[in-house]
Amino acid sequence: AGGFRQQKALALMQIGSIHTVRSEYDHAHQMHDEAANILEALARKSDVDPWQIRNLQSANYKQKCDAYWEAGDLDRAMACMQTALALDIKNGDVRGEASCFHREGIIARIQGDYDRAIIAFEKSIALAQMAGASRLQHWLKNSLALSYSNRGDNQLAKKLFEEFYQTAQEWGALTTQLTALVNLGLVAARQGFYLEAKSYYEQGLMLAIQSADTRAEGILLGNLGVIAMRLGAFEEASQLFADSLEARLMIDARTGELYSRYYIARLAIYKGDYATAVSQSQRVLDLADESSIEDIVNLARTSLGHAYAMLEQPDRAKPLYQEAIAGWQKTGQNHLLLGPKSGLARIALQEDDLDRALMLCDEILEQAPDLDLESTFEPFDIWLVCINVLRAAGDDRVESTLRAAYHRLQKRAANIPDADTKSQFLGTIAAHREIISLARETLGEAE
């Protein structure tokens, strides 16, 4: 009877994991809770192997952790991880401990606590080395590199990703190579090396097509779309996002579909097509509500708020920004508060509420005193809002803020060797044009 109940618990765990992959988090929690009840009852029996039951309990809590952090409930995710860690320590399962610290690192990275993430990943790597799990070590180094990149240590991150890619080539593992190429592209994009990022994504796309990996194809098409959008190649971006969405719909990848629709909305805002931005952002919110994907919900709230603000409907924009701020505070991703805060500051400026606009800009500049806003999705838009508020207030910081934004923009442009692409980057995107114009007018800067 005990063996049958263990098999039933294991089957429930597997079904729960499938629900997590499908973003069906409520069903996933139900399956894992049922498995937990069975295993808890078995743990009280004397005719079962306690080590084996603890091992299953740990695996179940790890899967619950994954479901919670995918859904954005990071506090419960961390609690599940800590329960699993206690079980692994009791079992003397060093590899299991490594996987727990790996999860802690992922959660800390999502929260924007990159120092804590790095410490957790380093612990995980040391434990994996003790367990002789060489492949796990390499995957953990990939996660460590992501946190270094998030923290701004992009050169170190690139070195680790290159090592990971070389190892993946030695393994002959196409999926692992794809992961490495995606992450190398992310690092290059964060540094403003858009054409280098594009090259990595194109290599990855070829591998995805070669291996018939539709999921990876959808991701890479979307990433190429983001690069095109950042460069001001709006028509190219539009086609890439449409292709990405099509690939994701083919395999019913709901989370991927939501990100594709979000980027279509963001592109529409860049192009001034606010009706499309509203419809696509609202579509994301309608679909995401069923699966409670917190990150994409907050991104869509922000993009919908931007669209309504540009349509001069501040009463509809404000609550969306406020909901996004509350959402990011809930998940601890404070670096992403800056987008909706800048939206509220823009509206306050439009409504001649200069005190509120200045208060919000003070909060932005205090949180990012060196104007390092690369992880905010919309850095130059945020800088431009702060510059306009400071100008309206006659604040002494306006020149230093404008100069910093202008020089960062020119540094990005300097990484683009092709003159036509560089001109498109500087001249097509509204925030870029306005920063250049203000720098000429206020600082006498030449392009």
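**Helix H6 and its neighbours**

Let me begin with helix H6, residues 114–130, which has 17 residues and reaches 24 Å from its first C-alpha to its last, close to the 24 Å expected at 1.5 Å a residue. Please keep in mind throughout that this is a predicted model.

Which residues of H6 are buried? They are Tyr114, Ala117, Ile118, Ala120, Phe121, Ser124, Ile125, Leu127 and Ala128. As a reminder, an α-helix has 3.6 residues a turn, so residues three or four places apart point the same way. After H6 comes Gly132, with a positive phi near 70 degrees.

I will take the pairing with H5 in more detail. The axes of H5 and H6 come within 8 Å and cross at roughly 165 degrees; since angles over 145 degrees count as roughly antiparallel, the two helices H5 and H6 are therefore roughly antiparallel to each other. Their crossing is left-handed. On the H5 side the contact is made by residues including Val94, Ala98, Phe101, His102, Gly105 and Arg109, and on the H6 side by residues including Tyr114, Ala117, Phe121, Ser124, Leu127 and Ala128.

Turning now to the nonpolar cores, the largest has 130 residues, and those with the most contacts inside it are Phe241, Phe425 and Ile435. Leaving aside residues up to four places away in sequence, Ile435 touches Phe380, Leu384, Leu402, Ala405, Tyr406 and Leu409. Apart from this core lies another, of eleven residues, among them Met13, Ala35, Val48 and Ile53.

Conventions: Residues are numbered from 1 along each chain as its sequence is written. This is a predicted model: local features need pLDDT of at least 70, side-chain atom pairs count only at pLDDT 80 or more; totals for chains, interfaces and linings use all residues. Side-chain values use heavy atoms; hydrogens and water are left out. Helices (H or I, at least four residues) and strands (E, at least two) are DSSP runs, numbered from the N terminus. The expected span of a helix is 1.5 Å times one less than its number of residues. Buried means under 20% relative accessible area, exposed over 50%, partly exposed in between (1.4 Å probe, protein chains only). A nonpolar core is a set of buried Ala, Val, Leu, Ile, Met, Phe, Trp, Tyr and Cys residues joined through side-chain atoms within 4.5 Å. Contact means heavy atoms within 4.5 Å. Axes are lines fitted to C-alpha atoms, for helices over the stretch in contact, and angles run from 0 to 180 degrees between N-to-C directions. Angles under 35 degrees count as roughly parallel, over 145 as roughly antiparallel, 65 to 115 as roughly perpendicular and the rest as oblique. A crossing is left-handed if the near helix is turned anticlockwise from the far one by less than a right angle, and right-handed if clockwise.
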